[in-house]
Amino acid sequence: MTRLVPYPFLSLSLIVLWLMLTRFSLGYLLLGTALSLVAGQAYSALHPAKPRVRRWRVLPRLVATLFWDIMRSNIAIARLLLTEGRNGRRSALARIPLSIRDENALALLAIILTATPGTAWLEYETATGVLTLHVFDASEVDHYHDVIGKTYEPMLMEIFE
Amino acid sequence: MSETILTIALGYAQIVLALAGCLAGTRMLRGPRAQDRVLALDALYVAIMLFLLVTGMQLGTAFFFEAATVIAIMGFVSTVALAKFLFRGEVIE
Amino acid sequence: MTPLQAIPLAVAIPVAILVVLGSTLTLIGALGLARLATFYDRLHAPTLATSWGTGGIIIASALMFSFIDGRPVVHEFVIGFCIVLTTPVTLMMLGRAALQRDRAEGRDPFRDGPSGDADGNPSAGS
């Protein structure tokens, strides 16, 4: 089973993607399954590090938190951009020490932080585990310290470590 | 009634997205540095892709969707390639 | 314009609101891109277009075509998926490339901050 389907999650998402792009029918389901199995084999030839997800239960909560955060910061950044030049906004650099070390968790955190308007991931030092973030609004640095340290890191740790 | 609402909303969206594309285009022409131009190119790709989606909605055809998908994927590949090129450290402008 | 007539008002209003919201957010993002002063500030502007700008228009499009075709049409979400996953990658690479180029020229943009390292030193490892 593991030899035939080395990456079940990847193959499953490829089938779903295939069915979304076409319309659902038995023929497309079979064709998509065949293609995703071949793609899984091809991907395993690259020998990527296999991500191990420990707890799937936390994932919906992470997505919900992210959804609200993106909505909130969309409004905040839109307001700042419209009043640019009159609101005295300054950008700042935040150096945040991270306690997660797992590569997949870090990748997910990078996607989360960059997808949220207002923060941009600039640099991560593997030796010290210190993350350099560019924060659009300097008065929100403490807020992001809190959000990363108290919300995202524990969730990611629960999922991956 | 619903046709009027949708015509106005989609027309507004087309004008606004075209304007957004123009703004990204000016940033791309003005620079001042290479990374500004690459960033503006990425924004231009997104604006054009959204414009095509809205046009497809206005004409009621899923035909433009394919073009939008291709642009979304091509935009990603080209921006990553350009960023990688900048990252190599050839600082000649 | 016949396809637009077939849509009931209860669907047309949310679709119109989502389209207007998405396109306006994209315009605000582009405005920021044109007006902000430094590159690192401008790095934040396109995320408006790629989060709720794209999201609004994609949800509106999926809603509308689901009603026109009479079956759930979800292929728009493939675009959304692509954009949400790929934009962070591009922005992160651009940010790091810009930082490295600035450092290679000997002007670390954040020298006054706590990151007083690698001045004039092309940080090859980072």
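In what order do the three strands of the open sheet in chain A run? In this predicted model, the order is β1-β3-β2, and the pairing is antiparallel. From one strand to the next, the twist averages 25 degrees.

β3 of chain A spans residues 130-135. Six bridges join this strand to β1(A), and the two run antiparallel. Within this pair, Ala94(A) stands opposite Leu133(A) of β3(A).

Two helices of chain A accompany the sheet. Helix α4(A), residues 103-115, lies across β2 and β3 of chain A. Its direction makes about 150 degrees with β2(A). Helix α5(A), residues 141-160, packs on the sheet and touches β1, β2 and β3 of chain A. The angle between the directions of α5(A) and β1(A) is about 25 degrees.

Chain A also meets chain C. The contact takes 28 residues from chain A and 33 residues from chain C. On the chain C side, α2 (9-35), α3 (39-42), α4 (46-69) and α5 (76-104) each supply at least two residues. The most comes from α5(C), which gives eleven residues. By residue class, the side of chain C that touches chain A has 20 nonpolar, ten polar and three charged residues.

How values were computed. Residues are numbered from 1 along each chain as its sequence is written. Chains are lettered from A and ligands numbered from 1 in the order in which they are written. This is a predicted model: local features need pLDDT of at least 70, side-chain atom pairs count only at pLDDT 80 or more; totals for chains, interfaces and linings use all residues. Two strands pair if DSSP finds at least two bridges between them. Helices (H or I, at least four residues) and strands (E, at least two) are DSSP runs, numbered from the N terminus. Axes are lines fitted to C-alpha atoms, for helices over the stretch in contact, and angles run from 0 to 180 degrees between N-to-C directions. Two residues are in contact if their C-beta atoms, placed from the backbone, lie within 7 Å. Ala, Val, Leu, Ile, Met, Phe, Trp, Tyr, Cys and Pro count as nonpolar, Asp, Glu, Lys and Arg as charged, and the others, Gly among them, as polar.
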